[in-house]
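Q: Please take a close look at one part of this model, the place where two of the chains meet. I would like the answer in one connected piece.

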Amino acid sequence: MSLELLDIHKHFGPVRANDGITITVQEGSLHGLLGENGAGKSTLMKVLSGFHSADSGRIVLDGREIKLANPDDAIEAGIGMLHQDPLVFLPFSVIDNFVLGSPGSARLDRKKAARELSELCERYGFNISPDTPARLLTVGERQQLEIIRLLWLGARVLILDEPTTGISADQRAKLFETLKALATEGMSVIFVSHKLEEVADLCERVTVMTRGKVVGEAELPVPPEQLVEMMFGQSIEIHDRDSVPLGTSHLAFDSVRTATGLLSEEPISLDVQSGEVIGIAGMEGSGQDAFLRLCCGMRTPKEGTVSIGGKDMTGKHYRDYLAADVKYLPAGRLEEGLIEGLTITEHFVLTGEKQSFFVDWNAARERAVEQIEHYTIKGTEASTAESLSGGNQQRVLLAMLPPELTVLLMEHPTRGLDIESADWVWEQLLARRQQGTSILFASADLDELLRYSDRILVFFSGRVIGELDANNTNVEEIGMLIGGRRAPSSGSVSS
Amino acid sequence: MTSNRLLYALIPAGVVVVAAFGLLLAAGTNGFEPIKLIVEGSIGWPPFEEGTSSKVGDTVMVWVPIALASAGLIVTFNAGMWNIGIEGQIIMGAIFAAFVAREVSVSRPLLIALIILAGAVGGMLWGLLVGVLRTAGGVNEIFGGLGLDFVAASITTYLIIDPWSRTGVASTSGTDPFPDEALLPSLEGTRLSPLAIVITLVAIAGIWLLFRGTLYGLKLKAVGRNRPSSFLMGIPTNRYLLGAFVICGALAGIAGTSQAIGFHFRLIPAISGNYGFLAILVVLLARFRAFWVIPISFFFAMIAVGSSQLQLRLDVNSALGGVLQGTLVLSAMFGLGWAAHRFRKQAEAGAEST
Amino acid sequence: MSGLWNAFVELFDTRTIATIVAVSSPLLFASMGETISEKAGVINLSVDGSMMLSALAGFVVAFEFENVWLGFPAAAAVGVAVALIVAYGSIRLSLNQVAVGFVLFALCTELSRFLGSSYVGRQPEGVPAWDIPWLESIPFFGQVLFQQNLMVYLAILTVVATYFFMYRTRKGLELQGIGERPEAAHSRGIPVNRLRYFYTAVGGALIGIGGAAFTLDVKLGWSDRPTRNFGWIVLAIVIFGGWHPLRVAVGVLLFRTLEAYALNLIPEFPSLSQVLPSIPFPLMILALVIVNWKAVLAWLDRYPFLRAILRSDPPTAIGTRFEIN
Ligand SMILES: Nc1ncnc2c1ncn2[C@@H]1O[C@H](COP(=O)(O)OP(=O)(O)O)[C@@H](O)[C@H]1O
Ligand SMILES: [Mg+2]
C-alpha cells in the first residue's frame, strides 16, 4: 500500500506537535522516521493510526483519501500501530490481549484464537504462550504480541514507534529480520526512531523531523554525517570528558543482595569515588531501579553493607540517606518529583534549607523569582508544576536540589527533553561533579551513557552483568551486554 | 475574555438558584414560602427579633458541630483523604465526653475543660484508627471509616441500653441527663453557649492559618496531592496522613462534645445528628476554604433547624430541608464543573485560532 | 461458648439457608451493578442513596398501579438516571467521581424520605412465590434454590449472566479492557467513554432493581430509609469480592449468613441485641485489613492460588478519567 500524509497539523494546547507535515511512503518499503525526542514523531503516527484526530490535513491511501476519526477507521483501512510503550493489558492473559478489540462472534472462542496465535508465532519464529499473563512478558515479547495481533487484524501498513528501546540486542536482530520479511511480502513498514544507526541499518528511505516539521528526506544509504546534519543542523562531535581527580569514597556497596526478586541472585560490590559519574545501562526493568533504590535507602538489602562517605548506612531509612546528602530523582517528573497543583514557590518552600513553622511568603516568592532566573525556567513563581514543559520541570527539579550533595541518583536525566534543555541539564550535572558530587544515572540512550560516564554498569535480568570503563568501550559492546551476552573480548575492569 | 470569566462565575450561581427554586416549586410550594419559614423557624422573622433567642440559640448550637466538623474535614480533604468516618469520630467524642460528664466531679470550669478534652481525645483516637487502617492496613479510608461509624453507633446504643441505661427504665431514648455542672454554660433560657462559639471560630481560624501560613499545612497539601513525590522530598507521608486524621478527629470529637453537653444534655442514640455527613457537603460547597465554612454551615444549620416548620405550617415533610441542601451542593458542583468545562473548551479554541 | 456453637449450628437448617438466599436478592442485584460499573472504571458511590430512591420509585409505581411488575422498570429507570449523573459529572465535566457520588447519596436519601413520607406503612402486593416444577422437589437444593420467587431466580441468574458476560464474551472482555487500560482499549477501536456511560447505566439499572427487590419482596412496603446502609455494604463487598462476580456473590451470601448468625446470637446475649446486627460490616472490614496486612501479603505471595482467592487488585484505571485530544 502506498501512503501519503498531506499537510498534517496537530497541536496540544500551545505545543505544535505537528506543524504541516507531508510524507509519502512507498508500497512494500521500510520507511524510517527519524528525529530527536519531542520532534513530534509519535504524535504523527498516532494521527495516522486514528489514536489522535488531526486538526487539519489529509491522508491518502492507495490514491484514495481516507478519514480517520478513531482507531477503528485506521484498523479498517489496514493501518496498525505498535506504540512506544506497547499498549497491552498487563493483568490479562496473552490470548485475551490478542482477541480484545477484534471483530467476531459474541461468544469468545479462545481455543480457535489461540490456534491462530500459535500459527502466526510459528511463522515469525516468536515464542509466546497464550495463557501467560501479559505482565510476565518482556517488553520485546509484548511487542511481538502486538505485531502479531496487528497482522492478524489485517494490517498492511505497520507502524513501529521506537520499538528498540527496552529490548535486548537479540530481540532487536529478530525484530529487524521480521520487518524485512514483512516488507518483502508487500507490507509498508514505518519505523520510528531517534537513533541514526538503526534507521540506517534497516530502512530504505528516511524522513527526518525536528520541532514538528519535516526537515529532510533521503534514500538510504547516505553518509551518517548527512543525517546528523539534518537532525541537528550541524554535525556534533563527542567532546572530551574533562577528568575530575577522584577523591574519597562516596558510595560503597559491599556484597549487597536483596531478599527476593531483582538483585537477589548475585551480590553487588561497588565503590564510587567523589566526582565520579557512573552510567547505568540495561533493558527497562533489569534491576536498575532496584539498584538506585538500594543506593538511597528506599530498599533495604538482605545481605551486605551500604556506606555513604565511609559511614555504614545499611538498613537506615530513606530520610537518613537524605540527611547524608544522597538525593534520588526518578524518571517520572510529575509522578515522583514535582507535585501537581502546587506552585514553583511552594516547591521551593517544601525543599528549602531553612524550614520554619510559619512561612514567610514574601521572602519565599523572592527566592523563587531568583531561582527561576538563575535556572532559566520558563514560568513564573506562581506557575503550577503541571503547567511547565518537561524541560522546565527538570530545571525546577535540579533547582530544588540541596547545594551540597554527596551522591546524586538520576533516572533518564534527559528523556523527553529538547536538545537545549538536555545540554543544559548535563552542564548542571557536570558542574555538580566538579564540586565533588558522585553521580549515578540510568539511561536508555547509549550515546548519553558513553559521553558522560566514567564507568558504566550494565544490568541484565536482575544482576550486574558487566562493568565497563567508558573510555575503553563502544556501543556494540554495551549493546551485547544489555542483551545478556558477555562480550568475548570484554574490556571489563574491576576496581 | 474577562466578560467570559464573569459569565462563567455567574452561571454556576444561576444554576444553583434555579435548581433550588425549581425544587421548592416542584415540592408544591410557592418557592418563597418555605425559605421564609426556614428563616423564621431558625432565626425568626424578621431575623433576630425579640423572643427569638431560643431559636437562634438552637441554630447556633447546630452550627457549632457542623462548622467544627467541616473545619476538620478541610484538613483531611487537603491530605487527600475522604474521611467518611467523621460520623464515628463525632459519636466517639460524645461518648468520651459523656463518660467524663457522668463519672467525674470537680469544680465546674475544670470539669468542662476535662469534658472537652476527653471529647477531643475520643474523636482523635477514632480518627487515628481510620488512619492506621489506611496507612498500615491498606484499607481504603472510606470503608474503614464507615465500618468504624457502624461500630461507634453500636457502642452508643449498647451504652444507652445497658451500662448507662436510665435509672429504673430500660429505654433506647437516651441516658439520664448529665449533672448541671457538666453542661456547657449557656445564655439564660437558650442553649447558646458563647464558649462553643469561641472554640468554633478559633478552630476555623486555626485551620485557615494552617493552610495559609504554615509549613505543616503546605506539607499536608503536598502529601494529599502526590504521596510519592512528597516522600522523596523527605516528608514523612504516613505521619502526615495520621496527623490529618488526628486533627480532624479531635475537632469532630469536640463537635460531638458540643452535641452531648451543649445540645441534648445527655447521650442519645443518634447523637451525631448526621452532622458529619452534612459537614462533607458543606466542605464540598465551600471548596475546601476555611472562611466559607462559617456562612455555609450556618445556612445549613438554619435549614436543619428551620425545616421542622415546613411540616408544621405547610404540611410539607421536613426532609425537604435535606433535599434542599443536597440540591444546592449538587447544582453548585455541576454549575462550576460545567463553567470550567466551557472555559477549557474556549481556551483551547482560542489557542487553535491564534 | 455453647451458645455461640448452637447459634452456628442453627445456620445449617435448610429453612435458614433458604431464607438467607431469599433476602440476598437486593444485594445480589446491586452488587452486580456496582461490579459492572467499577469494572468499566466508574465508581458509583451513590449506591446507598440510589438504591433507596429506586426502592421508593418501585414501591410507589407498584402500589399506585397495583401491579408489582411495573415497579421494577420504574426502579431501574431511577437507578439509571442517578448513574448517568455520576457518569456525566466525571466523564464530561471532570468532576471528582467520589464527590459526585457522595452528594448524590445524600440527595437521593433525603429525596426518598421527602417523597416517601406519605407512603409510610402502605402495603403493596409483593412478588408472588413461584416454585419451579420438578426442580423444587430436589432434596435440599429444591427448597433453597427453587422454592423462591421470580426476583430471587433473576438475582441468581444475574450473577451467572454477569460472570458469563464478563469472562466468556467479546463485549465482556472489552468491558474489562476499558477499566483496565483505557488508552489501550481506545487504540483497539473501542469507544471507551461511550461504553463507560453504557455500563454505568446498566449498573445503575441493576442497583435500582436491587432497591425495588427490597420494598416489593424482601420487606414489603415503605418506611423511613428502608434500605439504609445496603449501598455501603455493596461497595465494601465489591472490594471484598475482588471485582469478580462470583466472588462478590459469595461475599453477599457470606454477609447475609453472618447477619443471620448475629440474629441467632441475640437470645444468648440479650443485652447486645442492638449491637449484634451491626457487627457483620466491621467484620468485613477486619477481613480486608487482614488480607492487606503486609505480613499476610508476603505470606500469601508464596501461595499464588490462595492469594488469587483471597485478594485481587482493582481494575487499574478505576476512578480515573480518560480523554484523548
Ligand atoms: N497528549 C499530549 N498532550 C500534550 N502534549 C503532548 C501530548 N503528546 C505529545 N505532546 C507534546 O508534543 C510534542 C511532541 O511529542 P511526541 O510526538 O511524543 O514526540 P516524539 O515522539 O518525536 O518524541 C512534545 O513537546 C510533547 O510534550
Ligand atoms: Mg515518541
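How many salt bridges are there between chain C and chain B?

A: The model is a predicted one, and the count of salt bridges between chain C and chain B is 0. Polar contacts across this interface come to 2 residue pairs, both at pLDDT 80 or more.

As for which parts of chain C take part, α4 (68-92), α5 (97-116), α11 (230-240) and α13 (280-292) each supply at least two residues of the side that touches chain B. Among these helices, α5(C) gives the largest share of that side, with 13 residues. Sorted by type, the residues of the side of chain C that touches chain B are 28 nonpolar, 9 polar and 4 charged.

The contact itself involves 41 residues of chain C and 41 residues of chain B. Between the two chains, about 3,600 Å² of area is buried, and carbon and sulfur atoms give 81% of it. Within chain C, the residues that lose the most area to chain B are C:Phe102, C:Val103 and C:Phe114, which together make up 17% of what that side buries.

To put the picture together: the side of chain C that touches chain B has 28 nonpolar residues, carbon and sulfur atoms give 81% of the area buried between the chains, and the interface has 0 salt bridges and 2 residue pairs in polar contact.

Key:
Residues are numbered from 1 along each chain as its sequence is written. Chains are lettered from A and ligands numbered from 1 in the order in which they are written. This is a predicted model: local features need pLDDT of at least 70, side-chain atom pairs count only at pLDDT 80 or more; totals for chains, interfaces and linings use all residues. Side-chain values use heavy atoms; hydrogens and water are left out. Contact means heavy atoms within 4.5 Å. Buried area is the accessible area (1.4 Å probe) that two parts lose on being put together, summed over both. A salt bridge is a side-chain nitrogen of Lys or Arg within 4 Å of a carboxyl oxygen of Asp or Glu. A polar contact is a pair of N or O atoms within 3.5 Å; within protein, one must be able to donate a hydrogen and the other to accept it, and residues adjacent in sequence count only if both atoms are side-chain atoms. Helices (H or I, at least four residues) and strands (E, at least two) are DSSP runs, numbered from the N terminus. Ala, Val, Leu, Ile, Met, Phe, Trp, Tyr, Cys and Pro count as nonpolar, Asp, Glu, Lys and Arg as charged, and the others, Gly among them, as polar.
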